Every structure is written in C-alpha cells, then in structure tokens.
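Here's a friendly walk through one part of a protein fold, taken a few elements at a time. Have the structure open as you read.

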Amino acid sequence: MRKFFSSENWLFYLKHPAVRWNVVYLLVVTLISLVLAFTFNWLAGLLVLVLAVVGMTVSLRRLRQLVDDTHEYLQNLTYQIQHGQQEALLEMPVGMIMLNARNEIEWINPYMARYFKLEHVVGEKVGTVDKQLADLIDQGRAHQGAQVVSWRSRQFEFLFQPQYRVAYLLDITKYEEVEQRYRQERVFLGNIYLDNYDELIQGMSDSDVSNLHNYVTSEISKWAETNHLLMKIIDDDNYLIIGHQASLAELEKKKFKILDTVRQSTSQQNSPVTLSVGIAYGEDDLIKLADTAQDNLDLALGRGGDQVVVRAKDQPARFYGGKTNPMEKRTRVRARMISQALQELIDQADQLFVMGHNNPDMDSLGACLGIRRIAEMNGKQCWIVISDQHPHADIQRLMNEIDNYQSIKDHIITPDVALEKATANSLLVMVDHAKRSITISPELYDQLQNRLVIIDHHRRGEEFPENPLLVYIEPYASSTCELITEMFEYQPREGEGLNKVEATAMLTGIQVDTKSFTKSAGTRTFDAASYLRSAGADGMMIQSFMKEDPRSFMDRNHLISRAEINGQIAICAGENDQVYGSVTTAQAADMLLSVEGVEASFVITLRADGKVGISARSAGDVNVQVLMEKMGGGGHLANAATQISDSTVDDTKQELIELLQKTADNSSQEDTEE
C-alpha cells in the first residue's frame, strides 16, 4: 500500500496522459460531491467521502494496470521490431555492404558474404577486394536511383546510398534471363523481293523461267531452313519470312550472305538476280509489323535494291548489301503511270511550287524548269522556288540566260514569296532530293508536306517525308532531268512544248550528272537526250553553261596536287583555312578516279558555310554511299558526299582514314570466316 501511494511511483504514472486526465476527472467529481453532501448532511458527506476514496483507489489501480500492460506491450513490440530488423539484415535476399569514410568494408550481410565465399573482406578496401565492385560503387555515387549491372557473371539491381555509404545488390539474374529469352523469341517479319525478275524473264523460254524460279526459291528455302526461319512463297518474285529475333541477330552477324549467294550464282548462269529484303521487328501487333516490313522493303528498293533494310518502327535502319550498281529496271509503263498520276494531281491543285535542293546544280534547276513546263501544258501556274544566291557559276549563267525569257523569269520566286502565295490546295514538287534538311525552303515543305510530290534519282534515305502524294524515285536513272523528260511524251499535245533554254538546261543536267554520258548512262538516257536535242537543246549553250572560270580551274588542279594515293584509294585534303567550291571539290574527285589503279577517291575541303565537305567517287568496287552514310551523308554506290559541322579538314581526314581502315579490317575478317 505504501508503494502504491508513494510520490515517486505516482509521478511515473501521472506522466501518462490517460492517467493524468482520469485523476483530474475523479478529483473534480469527488470535490463537487463532498461539497454538496456536507452542505445538506454531514453523515451523507462522510459516506460520500468514503465511497469517493474507495472509488478513486479502485480506478487508479485499474489505470495503473492498464499503463503497465501498455508499457509491457510497447517494450515487447520494440524488441520484436528491432529483432526483426536484425534478422532481416541477416536473412533478407538482398546483398548489403556498409563502408566507412576510408572506403573500407565495415560489414556485409550473410547473403552478400556467399558471393565472396571464404574471402576475408571486412576491414579491406573495396578496390582491393573486388575492382569491378569498386567501379560499380563509384558509378553509383554519381548515378541517382537503381541500375541493372553485371557482376561476377550475374545480373543485379544495384543501388548505392552515398549518405549512408551502403550498397545494395538484388540478384535478378533469373528475371533477366526470362526477359532475354522473351526478347530473343519475339517474332520478326521479312519481305523478300526479286528486284529484276519481271524484266529478266522476258524473252526466256518457259523451261528456263521455271528453272530460274526453282533455283532461286531453293536457295532461299535452304537459307531459311539453315537459319530456323519459316519461308512462304507469296508470288513469283515475292517471299515472306518469319523468325525469332535471336535468328535475326545471327543473320545480321553473317551480313545476309544470301544476297551474294543468289547474285553470284545466277550471274554465272547469265541471269543475274538480285534480292531486296525488308525486315521489321520489335512490335507485338502483327499488322503493324507487316506494314513496317513493307516500308523497309520500299526503302531497300528506293535505295537501288540488292540490299537488306532491318528496322523497328521509329528506330534507325540498318543496311546490309548494296554492293552492286543499280540495274535499270524501270519501264515506260511506269513512266506513263507516274506521268498520268502527276497530271491528276496537277488538275486538282490551284497552283504548283517546285524546288530543288540547297546550292542547286544543273540537274536540280533543269528539273524545276521541266516541271514548270509540264504544269503549263496542263493549264496550271507553277512557281520555281530558288534563293537569290547562286554559288555555282553554271547556275548563274543559266539564270542570266533565263532573263531573256520573261514568262519563265516571272515564275521564279524566293522562299518568302512562296510562303505568301501557298494555299491549302497548292501542290509542292521536290526534285533531285527527298530530304527536308537540304531543301531550299523547309518552311514551305512544312506548310505543304501533305500535298507533296517527290521526283528523284538518288537512293532513298532514312530521312523521308511521311505522307507524300506521289513518289517517283529511280536510283538507276542518270538524273532527275532524264525522269522528267520521259514524262513529256504523255502530256497534252495542244500544250506548248519545251523551249530552247528549258531543253538546254535539262540536257546540261543529264550531261553533268553522267560526266558527259560516261557514267550511269543507259539506253533511256540517250533516248531522253535525243528528245531534248529535238526540242531545241543548244550544244553551244551547253558548252557556255559548263565553262569553268580560271579560279576554280586553278583550285581544282591545286587540290589534285595534294592527293595521297594508297593502293586503290586516293585521298585529297585541302587546307584547314582555305575555302573551295563544292563543284571544284566534286570535279577533283572525278579526275582522281581517272588515275590508273584508283578505285575510289575522296576529296575533303572547307566549304563556304564553315562545314567540312567530302566528295566521294568510286569505280564500282568500293561502296562510297555506305561510307558517307556512316559519316552523316549519302548518295549512290559510286557517287556520294557528306558535310560535317564543328570539325577541321585534318580531323575529318583522320576520321575518314580510320573508317576506311575499319571497313577493310571487317572485310578481311569476313573473308577469313568464309
């Protein structure tokens, strides 16, 4: 009893809010009761006092018991939590490493210790125990959040907390293996197309056609079976392939040797067949996958065929093959169909705008003049969009000649004027290019990108308009002027045909792009030239346009004198601070190719816009297009170029040399593997 009523004991319990408020409540009730009782009857007051004391004693005992039970429960709970935390640190399936300020291991949990087996690690520096783990911790200091890492042949989700100097490693090897297997077993679709099959079998006997088709199908079937692919014949010149992405990775490692196999074997039989393949992956929707595969096949065909395009939707494309010059596969039927389709679009438009690429050449401007004439023959106005500056001397001479033709001169406008004239029903024709990045007026392109026609003879690249109304890309044509010249045969006869300056400009464009009919000139090229000649093209005017000023003549010869020839490759680099015209650079590359033993030439110069340009030429054995694409440019197998920003001529030359060496090493490795 003394212990119960001791002041020290009650001071402890009165600290508890529940006890404190209950004591106050009982005291208040007791005092009120005593006052009322003694006011009316002292016996009643004494009785109330006794009852109050007994009631307070019982209540306080019960409150004390309640507090004791609560305190004991909290102590047990705290112990269990602390014990659980300790057990979790020791038993949880997450590796933990605690470091001190000197980057020494202070403690590791048992789960982590099993990765070190019997190694002594506590007290040792991390770098001494495991260099790779030390590197991961250093990376974790700068990396916010968890990251997946590879350590000791396993995959971990790794997190380092610098403020506590604690590293956590969660073993996710099993889940990574499942995810890897999922990625490898995802389906890819591919379309295989025989580029020149229809043209090849013309004139062949039925038995020869059957033998050729059976041979090609057999080779593709064996290739598919070897690489665990499902192959189905869609048409005489079209096949479908289905496989897993693991198989696709192996095919890419082998560089799709089926292209070389079919081309070389059929060439020996005097029936050279080339394949174009479009492959799509990374999409669960099979319809979208099929659409992407078809888009990739179109890209392969647009680049000239004999190659494979591998791409997931909205991802960069990967190219394989493309080792041969494009073969002439277009027909007059296709030219007529394109011409008629263009006529229909012209009829539906209120006006036309036509523009070439930046720094236009004779093929670009000649094509613009040809489209303007076709529009006029169909009763529609056509505006030629061109900038005020003409860096090439031949273009300036042509513009001076156009001054004598008021009807043409009045239809040549600047990009700013074109933007003011354009309406929602206008039609934009892009000639000699298909890239927004190099067009004369990107703003006009943006305004009319859904009312767009593309006519070009360059291989199609990754940068390409999304929804053009009409596309006429023929990489095997000599020039855009050749393609447009063929359209005049199918235009209204009552319209006025080409005049002298238009025919001359277009013929000059063909002559420049074919190096005076010595390169990329087929029978159709000479037919187009004959038509333009009959339309009034003037040979003397062509010579006048193509005359070279003394400065560019001297610059070209100076560049050639700086050439370095190493085996079959000629590399010529100008000075870091000397600007050369792009025409001069291209002419130097052409002339270097005429040197005996030179199969490819590269001329590197500083351009007027501050960029470093490379003009690349090939006799056919070296694919300069692929090389220039790797440096941000493009073009044809035998004629390509690129422009590089924020670099010097010397640095660009070194980059090119390293690329050539890497390409040569890869080629040697492939030959060794074969």
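## A strand tucked inside

Start with strand β19, residues 569-573: 5 of its 5 residues are buried, so the rest of the structure largely encloses this strand. Keep in mind that you're looking at a predicted model.

Which way do the side chains go? I569, I571 and A573 point one way from β19, while A570 and C572 point the other way, and all are buried.

## The neighbours of β19

On one side of the story is strand β18 (residues 564-566), which runs antiparallel to β19 and is joined to it by 3 bridges. In that pairing, N566 sits opposite I569 of β19. The two strands make a hairpin with 2 residues between them, and G567 in the turn has a positive phi of about 70 degrees.

The other partner to look at is strand β20 (residues 600-606), which pairs with β19 in the parallel sense over 5 bridges. Here A573 has I604 in β20 as its bridge partner. To get from β19 to β20, the chain passes through helix α25 (residues 582-592), and this β-α-β crossover is right-handed.

## A six-stranded sheet

Now move to another sheet. It's an open one, built from 6 strands with parallel pairing, in the order β14-β13-β12-β15-β16-β17. What sits at the edges? β14 and β17 (470-473) do, and each pairs on one side only.

For a closer look inside this sheet, take β15 (residues 427-431) and β16 (residues 452-456): they run parallel and are joined by 4 bridges. M430 stands opposite I454 in β16. Helix α15 lies across β12 (352-355), β13 (382-385), β15 and β16, and runs at about 170 degrees to β13.

## A helix with a buried face

Finally, find helix α16, residues 393-402. Which of its residues are buried? They're D394, I395, L398, M399 and I402. Looking down the axis of α16, these buried residues fall within an arc of 140 degrees, so they line one face of the helix.

And what covers them? The cover includes helices α15 (362-377), α17 (406-409), α21 (500-513) and α23 (539-545), along with strand β14 (412-413).

Methods
Residues numbered from 1 in each chain as written. Predicted model: local features only at pLDDT ≥ 70, side-chain atom pairs only at ≥ 80, totals over all residues. Heavy atoms only, no water. Buried < 20%, exposed > 50% of the residue type's maximum accessible area, 1.4 Å probe, protein only. Arc of directions from axis to C-beta. Contact = heavy atoms within 4.5 Å. Pairing = 2+ DSSP bridges. Axes fitted to C-alpha atoms, helices over the stretch in contact; angles between N-to-C directions. Right-handed = clockwise from strand over helix to strand, strands pointing away.
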